[in-house]
Amino acid sequence: MKKSKKEYRNHPTQTRVQNHRYKKPHIWAWVTGIVALVAVVAIAAYFASVYFKAKNAVDKTYDPHTAVKTTGEFNGKKRFAVLLMGTDTGALNRTEKRGRTDTMILAVVNPAKKHYTLVSIPRDTMAQMVGSETFRTEKINAAYEIGGARMAMDSVSELINVPIKYYAVVNMGGIMKMIRYVGGINIRPMLSFEYGGYVFEKGKLTHMGGAGALAYSRMRYDDPKGDYGRQERQRQVIVTLIKKAVSISSLSNLDSILTSVSSNVRTNLPFSALQQIAMNYRNCANSSSSDYLHGYNAEIKDAAYQIQPTSELQRISYLVRSELGLEKEVVQNNETFQNEQNEANGFSFESGKTQHYNIYDYTGEGDN
């Protein structure tokens, strides 16, 4: 039988705590709940704002002309490669609409090893311009200028016999702006030199603004390693910039950073794919290795080139195909054909001298 309120009040075992359960909630409980709700909404709104700003910026970088299927490609299990390129447009008074790619790095992500590999392609490497209306060989860094991202991807793909579907290109003017927006970067120079009015001391922690960092990464002729040394410094600047850009201290300049990204980067990876890469391949970011094509100095029509021996093309091809989980294949392309023809006519990859290198057509007739 249900007891009346009077019976509850008169029951000898009823405590004050039990009686308190029947009181209405205190007004402060409601206030606290409302404040908490407002806080949650504010936090959600902030992150939603960041999300949409980021999406809007990345959407502007998307290149639909080289679009490829990405659905299911970045599930955290599949391996993939992205061609990273850096151009000189928009910096140091250079105003070409589409310049040459002074930096070309193939990034290969291997989730099976929780690892990624960076392979540099020297800018002066002799290569066929795949997609040209007529047979044409140039320095590999000319491919982007001549035929855009598609020719650059196809030419590198043919050079080392690996499939390449994705790319990202950034101009150095954009790098300068981003470095300025994040408040500069701190770097320990790899060697001592002076360039563009800036002085760098090996090993000394140096704060660099956009122009200083660009000068540091551009110098080439005073580096004992030549273009290979410059590539190392460029990677150092880019890695340091990425770490700074995602730091808490840079959030106050988020709008400027995203604006810089949207106007200075182009890629055929849509925002959804970049999200999936960030979420599903995070465990690959802590382990990496790097390599590069080791070429030989030669002259083609009085211009300096890097000629890649067939054995070196084969070595890098095996490396990248292995990281992508592909079977090894023998590299047979224009470059191996040219090597065969030149060696048959006296060119030696064992010589320490700069030699003349001919470009032959496919009938074996020389084109000097």
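Because the model is predicted, local features need pLDDT of at least 70 and side-chain atom pairs count only at pLDDT 80 or more, while totals for chains, interfaces and linings use all residues. Residues are numbered from 1 along each chain as its sequence is written, and side-chain values use heavy atoms, with hydrogens and water left out.

**Exercise 1.** Determine which strands pair with strand S2 and in which sense.

Solution. Strands are DSSP runs (E, at least two residues; numbered from the N terminus), and two strands pair if DSSP finds at least two bridges between them.
- Step 1: S1 (residues 80-87) runs antiparallel to S2, joined by 8 bridges; Ala81 lies opposite Val108 in S2.
- Step 2: S3 (residues 115-120) is also antiparallel to S2, through 6 bridges; Asn110 faces His115 in S3.
- Step 3: The hairpin of S2 and S3 has 4 residues between the strands, and Lys114 there takes a positive phi near 55°.

**Exercise 2.** State how many residues of strand S2 are buried.

Solution. Buried means under 20% relative accessible area (1.4 Å probe, protein chains only). In S2 (residues 101-110), 10 of the 10 residues are buried, so the strand is largely enclosed by the rest of the structure.

**Exercise 3.** Locate Gln306 and describe its surroundings.

Solution. 
- Step 1: Gln306 belongs to strand S14, an edge strand (303-307) that pairs on one side only.
- Step 2: The sheet is open, with order S14-S13-S15 and mixed pairing.
- Step 3: The relative accessible area of Gln306 is 10%, so Gln306 is buried.
- Step 4: Beyond neighbours within four places in sequence, its contacts (heavy atoms within 4.5 Å) include Asp124, Tyr228 and Tyr296.

Notes: Buried means under 20% relative accessible area, exposed over 50%, partly exposed in between (1.4 Å probe, protein chains only).
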